[in-house]
Amino acid sequence: MRPDAGVAVAGPTRPAERAAPAGRAQATAASLAIAGLVPLSTCDWPDRLVATVFLQGCPWRCGYCHNPALLDPREPGRLPWSDVTALLARRAGLLDGVVFSGGEPTRQAGLLDAVRQVRAAGFGVGLHTAGAYPRRLAALLPWVDWVGLDLKAPSGRYDDVTGVPGSARPAFASLRLALDAGVALQVRTTVDPTVLDELEVARLSALLAGLGVRDHVLQEVRTEGVRPEYAEALARAATARA
Ligand code: SF4
């Protein structure tokens, strides 16, 4: 573990956490549909050594999604939550934290319990999200140390990237929540060349800077793992730009 990377935590760093209303059962971490667990990653949270938990299911259908097997919310999990806690027990002092990724991890209500368990065990918590569920994100933010938020396009082109009508609204609402929470935030845009041109990307970067985003990273579409029809659309877009 890097000497400057320890994130010793036992409770929320921000004061917005509230107890669940009395009588309403909360989903537990044991209910999570977990698609995968990477026991050691150096790239999922900048400057941190983490374990990464991939949660099943996503409501959006981005053409460039390189892990479409994680999208179907009806797919059962492949490993139990106890595998994650057992790993953390073995790696105490060796890992800085746990990153929850997907899919869209905030889709599953049991994530909040999982995040709280990870913090109670003394690990930091990172979250990859596209912001599809802002109310869930609002409940999670007080317990999260770092967020990697995928912001896909200017609002007028959002649905063309996600394939789902109305997707810009929750995404930008989630961005607002993360900014207002003051959580460490990296906004990432995977530039979909079948939808966005350079001018639109520049406008998005300017918009995000104006909203207060200090860390915006542009990422190239990865071709491996994408559906054949999207690979063909990419090839057509490349030909059109040549
Ligand atoms: S939001 Fe992420 S996980 Fe969901 S379809 Fe898009 S790229 Fe894939």
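**Val53 and its surroundings**

Visitor: Which residues is Val53 in contact with, leaving aside its neighbours within four places in sequence?

Guide: In this predicted model, Val53 is in contact with Ile34, Leu37, Val84, Val98, Phe100 and Ser101, its neighbours within four places in sequence left aside. A contact requires C-beta atoms within 7 Å. Val53 itself lies in strand E2.

Visitor: Why does Val53 count as buried?

Guide: The cut-off is 20 or more other C-beta atoms within 10 Å. Val53 has 27 C-beta neighbours inside 10 Å, so it counts as buried.

Visitor: What separates Val53 from Gly166?

Guide: The two are 113 residues apart along the chain, and 28 Å lies between their C-alpha atoms.

Visitor: Which residues of helix H1 are buried?

Guide: Helix H1 covers residues 81-90, and its buried residues are Trp81, Val84 and Leu88.

Visitor: Why are the buried residues of H1 said to line one face?

Guide: Viewed down the helix axis, they fall within an arc of 60 degrees, so they line one face of H1. As a rule, residues three or four places apart point the same way, because an α-helix has 3.6 residues a turn. On the other side of H1, the exposed residues are Ser82, Ala86, Ala89 and Arg90.

Visitor: What do the buried residues of H1 pack against?

Guide: They pack against strands E1 (34-41) and E2 (50-55) and against helix H2 (111-120).

Visitor: Why does the radius of gyration of the protein chain agree with a compact globule?

Guide: For 242 residues, a compact globule would have a value near 18 Å; the chain has 18 Å, so the two agree. The C-alpha trace spans about 55 × 45 × 35 Å along its principal axes. Of the 242 residues, 36% count as buried.

Visitor: What makes up the shell around the ligand, by class?

Guide: The shell has 6 nonpolar, 2 polar and 2 charged residues. Among the residues around the ligand are Cys58, Cys62, Cys65, Trp60, Arg61 and Glu104. Cys and Trp count as nonpolar, while Arg and Glu count as charged.

Visitor: Where does pLDDT stay under 50?

Guide: It stays under 50 over residues 1-11, for which the model has 24 contacts beyond four places in sequence. It also stays under 50 over residues 13-21, with 8 such contacts. The chain as a whole averages a pLDDT of 90, and 90% of the residues score at least 70.

Definitions and conventions:
Residues are numbered from 1 along each chain as its sequence is written. This is a predicted model: local features need pLDDT of at least 70, side-chain atom pairs count only at pLDDT 80 or more; totals for chains, interfaces and linings use all residues. A residue is near a molecule or strand if its C-beta atom, placed from the backbone, lies within 6 Å of it. pLDDT is the predictor's confidence in each residue, from 0 to 100. Two residues are in contact if their C-beta atoms, placed from the backbone, lie within 7 Å. The radius of gyration is taken over C-alpha atoms; the globule rule is 2.2 Å times the number of residues to the power 0.38. A residue is buried if 20 or more other C-beta atoms lie within 10 Å of its own, exposed if 12 or fewer, and partly exposed in between; C-beta atoms are placed from the backbone. Helices (H or I, at least four residues) and strands (E, at least two) are DSSP runs, numbered from the N terminus. The arc is that of the directions from the helix axis to the C-beta atoms.
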